[in-house]
Amino acid sequence: MLQLPFPVRDANASSGSDELGNLPEWNLSDLYASDDAPELTRDLDWLSQECSAFAADYEGKLADLEAEGLLNCVLRNEKINSIAGRVMSYAGLRYYQLTTDAERAKFMSDCQEKITIFTTPLVFFTLEINRIEDETLEAHFAANSDLARYKPVFDRIRAMKPYQLSDELEKFLHDLGVVGDAWERLFDETIAGLTFTVDGQELNIEGTLNLLTEQDRSKREAASRELAAVFQDNVKTFARVHNTQAKEKEILDRWRGMPTPQTGRHLSNDVEPEVVEALREAVVAAYPKLSHRYYELKRKWLGLDRMQVWDRNAPLPMEDTRVVDWEQAEKTVMEAYEAFDPRMGEIAAPFFSKGWIDAGVKPGKAPGAFAHPTVTDVHPYVMLNYLGKPRDVMTLAHELGHGVHQVLAAEQGEMLSSTPLTLAETASVFGEMLTFRKMLDKAETKEERKILLAGKVEDMINTVVRQIAFYDFECKLHAARAEGELTPDDINALWMSVQAESLGEAFDFMEGYETFWCYVPHFVHSPFYVYAYAFGDGLVNALYSVYAEGGEGFEDKYFDMLKAGGSKHHKELLAPFGLDASDPKFWDKGLSMISGMIDELEAMED
């Protein structure tokens, strides 16, 4: 089933203040001019007719096709995906701009329902591909190089072969998909509609979370307590969404014979379970030398006997609280990108000038940040909630990295451009690293360097340690839900079971923090997504160390990797750099970069 464009949110998107300059807004007209554009009506009519024609031409016949006939079938399917993707990208992005608007929500829902109905007859396509004999398929690939180009797509489809249900059941589940989407929409609309009152000021969730990075500790505490109070008022709704989504997943996994709740995610990420487990084990084993050690340092810097949860993302006492306006943020990121390679600057520039970024915080706008690739014959769109914190500059660097990656991968076409989540974070985290290193090079004092290093370490801990703790929470949540309905208190207890372990001895946890699982969108939209952040960070740290060592032709290899999109496995993509993610020592290489930065911070204390 064609899904809505899931917001690939930056895990650490934050923000806060005025005087930000001229913040860009999306111009969605590259997709459609309006919700009643004749081109939109034309595309929906075409989809209705072409999906029926496709089914009439090919259902029950795939196994008998010659190589050229199978290629034509694949190309027609690709065009259907492209047109349907354009419609849903437009409807989804328009909705995320104002999730509280009933008309936009209805428009998106209506588009989703129409496309689900149109594409239900296409369910046979993947089912029949999985019935073609291996020898027949290999002979087709040998006979037709244009078809052989799509082998990675066939491989991913056929990886689901052991878990495939009957044709009738698959069509039923495809049709039923819009009902599951309704729970995601309930989550999105509930989150976007929450209001928080802090010191007499009414804020949305973005503005409130932003206060957790304020210099004034009393403001951070007030925001934390208000978040806890509002989450508690809505905890039954959030618990219902999580219970329903986890139960639906358990039923689907059971019917498909999936061995674990995580299997589907690993398959879609084209990554082996043992590779993910090696990553998880390496990160958990490193908690003491990473987060525990860093937060102990931070506790001393803040002059506290004990840290509270509202101190986790607090700025350092000597930190500059100046707001970074949009012009300066653009300049900082573009300088870093262009210094790495002018080609990267050329790809990034149109995002700023052509309405490909929506930056401002607005009532009803979806929280967080994401880059959505739309379809390969248009361009990506980046969403931010920019409020001028240094972390927001890093979020811009992150999401722009996604955008550059998506532009380069678009050359592969609709079916091969999409990158598995584990590799989808590569260019975004690399973009952050380039921006950070550029800023570090410009640091004029020891204190400035310390602030930048501490900020980067915190971001890496949020990306690696925190996301693996999130992954452990999800693993526990799905295992517990398989045993029965979970009360809000049950989910709260699972959340707290991973917090102290990952954050360390420096912290106390205020009453109410146990509900902070409520607002994390990944748990609802895309179960087990979160380990991709840690995977991406570890991969980029290893990749950057190769770049820093001055490996010849690194830039060209890097661009080739991004251009590959989803056409190659992670082993094949990393081989030119002499890296292998299936080697357990690979993760230690990435984690040692974080540990080395903490070493430098500790040395500054002497």
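1. Helix axes are lines fitted to C-alpha atoms over the stretch in contact, and the angles between them run from 0 to 180 degrees between N-to-C directions. Helices (H or I, at least four residues) and strands (E, at least two) are DSSP runs, numbered from the N terminus. By these terms, α12 and α13 pack at about 35°, with their axes 5 Å apart. Val284, Ala285 and Ala286 of α12 meet Pro288, Lys289 and Leu290 of α13, where contact means heavy atoms within 4.5 Å. These contact residues divide into five nonpolar, no polar and one charged. Here Ala, Val, Leu, Ile, Met, Phe, Trp, Tyr, Cys and Pro count as nonpolar, Asp, Glu, Lys and Arg as charged, and the others, Gly among them, as polar.

2. A note on the source: this is a predicted model, in which local features need pLDDT of at least 70 and side-chain atom pairs count only at pLDDT 80 or more, while totals for chains, interfaces and linings use all residues. Residues are numbered from 1 along each chain as its sequence is written, and side-chain values use heavy atoms, with hydrogens and water left out.

3. The chain contains 26 helices and five strands. Its radius of gyration is 24 Å, close to the 25 Å that the globule rule gives for 606 residues, so the chain is as compact as a globular protein of that length. The radius is taken over C-alpha atoms, and the rule is 2.2 Å times the number of residues to the power 0.38. Along the principal axes, the C-alpha atoms fill a box of roughly 75 × 55 × 50 Å. Of contacts between residues at least 6 apart in sequence, 80% join residues at least 24 apart.

4. Buried residues make up 60% of the 606 residues; buried means under 20% relative accessible area, exposed over 50%, and partly exposed in between (1.4 Å probe, protein chains only).

5. Helix α12 (residues 273–286) also meets α23 (residues 531–548): their axes come within 11 Å and cross at roughly 80°. The two helices are therefore roughly perpendicular to each other, the word used for 65 to 115 degrees (under 35 is roughly parallel, over 145 roughly antiparallel, the rest oblique). Val275, Val276 and Leu279 of α12 make this contact with Tyr531, Ala534 and Phe535 of α23. The residues involved are six nonpolar, no polar and no charged.

6. Phenylalanine 528 lies in the loop between α22 (522–525) and α23. At 0% relative accessibility, phenylalanine 528 is buried. Its phi is positive, about 70°, although it is not a glycine. Most residues other than glycine have a negative phi.

7. Aspartate 199, in the loop between β1 (196–198) and β2 (201–203), also is not a glycine and has a positive phi, of about 50°. Aspartate 199 is exposed, with a relative accessible area of 61%.

8. Lysine 365 sits in the loop between β3 (357–358) and β4 (370–372) and is buried, at 4% relative accessible area. The C-alpha atoms of lysine 365 and glycine 193, 172 residues apart along the chain, are separated by 9.4 Å.

9. Glutamine 308 belongs to the loop between α13 (288–301) and α14 (326–340). Glutamine 308 is buried, with a relative accessible area of 14%. Leaving aside neighbours within four places in sequence, glutamine 308 is in contact with Arg217, Phe507, Asp508, Phe509 and Met510.
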